[in-house]
Amino acid sequence: MAEGHIWNCKIKDETEARRLGQSYYISSKQYVESGMKIRIISKNKPDIICSQAEPSLEDAYMYITNLG
């Protein structure tokens, strides 16, 4: 059900994460040396550079409860 709706994205910082969080459901954030990696759950591809990801059980649950 969540397949095709999970996206991994690299962003600059928490400010950008907050901005994206106004339009998309962010399921996780991870700080990395070059900024942040976030995981977005969205019915449509986000308007930033992202790669599609395999959904986990947690992603499927979040998809169903928040977007399904």
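A: A disulfide is taken to be a pair of cysteine sulfur atoms within 2.5 Å. The model under discussion is a predicted one.

Q: How many disulfides does that rule give?
A: The count comes to one disulfide. The bond joins Cys 9 to Cys 50, with an S to S distance of 2.1 Å.

Q: Which parts of the chain does the pair tie together?
A: Cys 9 belongs to strand S1 (residues 6-11) and Cys 50 to strand S4 (residues 50-52), so the link connects parts that are 41 residues apart in sequence.

Q: And what is its handedness?
A: The disulfide is right-handed, because the torsion about the S-S bond of Cys 9 and Cys 50 is about 95°.

Q: Are those two cysteines buried or exposed?
A: Both Cys 9 and Cys 50 are buried. They also belong to the largest nonpolar core, which has twelve residues in all, including Trp 7, Leu 20, Met 36 and Ile 40. Strand S1, helix H1 (14-21) and strand S3 (35-41) each supply at least two residues of this core.

Q: Changing topic, what is the overall fold pattern?
A: Along the sequence the protein chain follows β-α-β-β-β-α, with two helices and four strands. Its radius of gyration is 11 Å, close to the 11 Å that the globule rule gives for 68 residues, so the protein chain is as compact as a globular protein of that length.

Conventions:
Residues numbered from 1 in each chain as written. Predicted model: local features only at pLDDT ≥ 70, side-chain atom pairs only at ≥ 80, totals over all residues. Heavy atoms only, no water. Buried < 20%, exposed > 50% of the residue type's maximum accessible area, 1.4 Å probe, protein only. Core = buried A, V, L, I, M, F, W, Y, C linked by side-chain atoms within 4.5 Å. Rg over C-alpha atoms; globule rule 2.2 N^0.38 Å.
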